[in-house]
Amino acid sequence: MDTVGSELIEDGWFREINEKGFPGQGLMLKVERVLYHSRSEFQDILVFQSSAYGNVLVLDGIVQATERDEFAYQEMITHIPLYAHKNPRKVLVIGGGDGGVLREVVKHKGVVSATLVEIDETVIKLAQKYLPGMACSFNHAKVQVKLQDGFEFLRNVAASDERYDVIITDSSDPEGPAEAFFQKEYFELLHSALNDNGIVIAQASENVWLNLDYIRELVKSAGAVFPRAQYCYTTVPTYTSGQLGLIVCAKNKKSDLEHAIREPTIEEQSQMRYYNTAIHSASFILPTWAYHRIYKS
Ligand code: SAM
């Protein structure tokens, strides 16, 4: 990370520059006003009002969510595993302090409990203040919030009898408090914390344009632990290159991750702006060069 927070605002433009993660390219958003900037115990946090994307949450200099395009991320990371599972009842969200994933999880009538494990309470509080459209489900009857390191939480779950049907890792990028989520040991803990037909999904922090080899290694690490590990993606204009990859894995090798095995009800579908069963399947289809590099080389 070169610079963080408000140092990245120059001449009224926020610049996301991360030479390690995204060398040689960046993202710019025009700033109307800075709403918050400080360093929490865990990370640098900036919230600003942009002229084109509503309020924007930035952690350690990297855009996490904007009001205008967040649904493309939250809906896909949530509904792909939930509709690929025949009866998801217990859901765990690691990270996700902006609340957008929780908002999507509780749309599923069959889900009886949704636990969110967020390391940084400041993110939750700021989301409630500045991103109310995302942070609207923290007080839902099915929701429990734990303020803890997600890796540590999972280690305790793996050593206990507690098991989940779906686990969603909605973390920040690997440089910072989320570093451990991109390693093989994390996939092993996820595997232990799942029921037999369980499914996990994690944001891959990259896409095919940025670092194909990194994605290939991540799919390999996940595939060394899970019998099924696949890459899919969603399109989000305010993530560098406009796409974000997701790694989805199943504990049962017969699970068909690429298709929704349940249709959303009419009520559920009416609450979704990005997800539908056609885009669920389409999100696994890769361009030829990327498919070969990830799966065949
Ligand atoms: N959608 C975003 C993206 O990929 O750009 C990520 C969402 S953001 C809400 C990720 C959250 O993960 C942050 O609130 C951060 O505090 C949390 N997080 C990072 N490391 C964590 C850890 N070790 N345990 C739990 N939460 C963590």
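**A walk from sheet to ligand**

Start by selecting K90, which stands opposite S113 in strand 8. Before you move on, note that this is a predicted model: local features need pLDDT of at least 70, side-chain atom pairs count only at pLDDT 80 or more, and totals for chains, interfaces and linings use all residues. Residues are numbered from 1 along each chain as its sequence is written.

Now show strands 7 and 8, which run parallel and are joined by five bridges. (Strands are DSSP runs of E, at least two residues; helices are runs of H or I, at least four; both are numbered from the N terminus.) Widen the view to the open, mixed sheet of seven strands, ordered 9-8-7-10-11-13-12; strands pair if DSSP finds at least two bridges between them. Strand 9 (143-147) and strand 12 (228-235) are the edges, each with a single partner strand, so one side of each has no neighbour in the sheet.

Next, select strand 3 (26-39) and strand 4 (44-50), an antiparallel pair with seven bridges. Find R33, whose bridge partner in strand 4 is Q49. Both strands belong to an open antiparallel sheet of six, in the order 1-2-3-4-5-6.

Finally, click on the ligand. How many residues surround the ligand? There are 23, and G95, G97, I119, G150 and P177 are the closest (near means a C-beta atom, placed from the backbone, within 6 Å). Strand 6 (62-66), strand 7 (90-95), strand 8 (113-118) and helix 4 (150-158) each supply at least two residues of this shell. Colour domain 1 (9-66) and domain 2 (69-295): both give residues to the shell, so the ligand's shell lies between them. These bounds come from an automatic or database domain assignment.
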